[in-house]
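Q: Hi, could we go through this structure together, piece by piece? I'd like to ask things as they come up.

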Amino acid sequence: MQYRATVRDTMVQQFLKVKDNPTPKAVFFTCIDSRMIPTRFTQTNVGDMFIVRNAGNMVPHSQFFPDEQHSNEPAALELGCVVNDIRHIIVCGHSDCKAINLLYKLRDPEFASKDNRRLSPLRSWMCAHAQTSIEKFEDLLADDFNKPLLFQGETPLRKFAAYIDPEKKFNIEDRLSQINTLQQLQNIASYGFLKKKLENHQLHIHALWFDIYTGEIYYFSRRHKRFVIIDEEHFDKLFKEVIVYYS
Ligand SMILES: [Zn+2]
């Protein structure tokens, strides 16, 4: 009732405005966490974005769908990027992610055993689709987070390096969340139906990370090889990077 009384009229005007020519700017993947309100923290509105949400902001790698790609995430990519010709895909992870906290525990083989996975769809989902994130995390943990990780961007040739919180500002699970967020960029690029657009610079992939404790948003800067806070101090150089690389 509150919606009817306050928001509805403005929304109907917005629907009418974009009715014949909606031009959404991004397909936005994020977690289902109730604290994440993507339209609020990205300040987006009617017609701006396609939003896909699941536990842990995952985009399963195409290797899991060899015959028919019957999964929500690739279907959403096709609807957004092919049918609607959206040119930007954003994956947004966040701090204190319950799915990622569970993934951290799933490094224990007993906790991740077949029997336990059978009892828990969430364990099963994370084990099936976050294995590479775990491997990269272990690799970095062995080096105490000092070296950069290597990820693939839009094409196999467009690789990028990423330092994951070498200053140890975030807790260990949050670092895993940042790795997992970047891993999804690589997974997105695994889909054949996006290949041409990715190669021809018609489609770009970005990573954001939302810190639930401070409300700050980080953009992954390939130039600076790390997540950089989007604030007054860093905005200009981040904006320049986005314009130069992705326009
Ligand atoms: Zn989450």
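This is a predicted model: local features need pLDDT of at least 70, side-chain atom pairs count only at pLDDT 80 or more; totals for chains, interfaces and linings use all residues.

Q: What follows α4, and is its phi positive or negative?
A: Asp85 follows α4, and the phi of Asp85 is positive, near 55°. Residues are numbered from 1 along each chain as its sequence is written.

Q: Which residues of α4 are buried?
A: Glu73, Pro74, Leu77, Gly80 and Cys81 are the buried ones in α4. A residue is buried if 20 or more other C-beta atoms lie within 10 Å of its own, exposed if 12 or fewer, and partly exposed in between, with the C-beta atoms placed from the backbone.

Q: What do the buried residues of α4 pack against?
A: They pack against the strands β1, β2 and β3 and the helices α9 and α10 (195-199). Contact here is between two residues whose C-beta atoms, placed from the backbone, lie within 7 Å.

Q: Ok, on to the sheet: what order do the strands have?
A: The order is β2-β1-β3-β6-β7-β8, in an open sheet of six strands with mixed pairing. Two strands pair if DSSP finds at least two bridges between them.

Q: Which strands stand at the edges?
A: β2 (49-54) and β8 (226-229) stand there, and each has a single partner strand, so one side of each is left without a neighbour in the sheet. From one strand to the next, the twist averages 30°.

Q: How many bridges join β7 to β8?
A: There are four bridges between β7 (residues 217-221) and β8, and these strands run antiparallel. Ser221, for instance, has Arg226 in β8 as its bridge partner.

Q: Which strands does α4 touch when it packs on the sheet?
A: Helix α4 (residues 72-83) touches β1 (26-31), β2 and β3 (88-94), and its direction makes about 175° with that of β2. Axes are lines fitted to C-alpha atoms, for helices over the stretch in contact, and angles run from 0 to 180 degrees between N-to-C directions.

Q: What about α9, which strands does it lie across?
A: Helix α9 (residues 172-188) lies across β1, β3, β6 (204-210), β7 and β8, and runs at about 160° to β3.

Q: How do α5 and α9 cross?
A: Their axes come within 9 Å and cross at roughly 105°. The two helices are therefore roughly perpendicular to each other, a label for angles of 65 to 115 degrees, whereas those under 35 count as roughly parallel, those over 145 as roughly antiparallel and the rest as oblique. Among the residues making the contact are Ile100 and Tyr104 of α5 and Leu176 and Asn180 of α9.

Q: Which residues have the most contacts inside the largest nonpolar core?
A: They are Val27, Ile89, Ile90, Cys92, Leu103, Leu185 and Leu208, in a core of 49 residues. A nonpolar core is a set of buried Ala, Val, Leu, Ile, Met, Phe, Trp, Tyr and Cys residues joined through C-beta atoms within 7 Å.

Q: What does Cys92 touch?
A: Leaving out residues up to four places away in sequence, Cys92 touches several residues, including Phe28, Pro38, Asn57 and Trp209.

Q: One last topic: where is Gln43?
A: Gln43 is in the loop between α3 (38-41) and β2. Although Gln43 is not a glycine, it has a positive phi of about 55°, and Gln43 counts as exposed, with 7 C-beta neighbours inside 10 Å.

Q: And His201, which loop holds that one?
A: His201 is in the loop between α10 and β6. Its phi is also positive, about 60°, although His201 is not a glycine, and His201 is partly exposed, with 14 other C-beta atoms within 10 Å.
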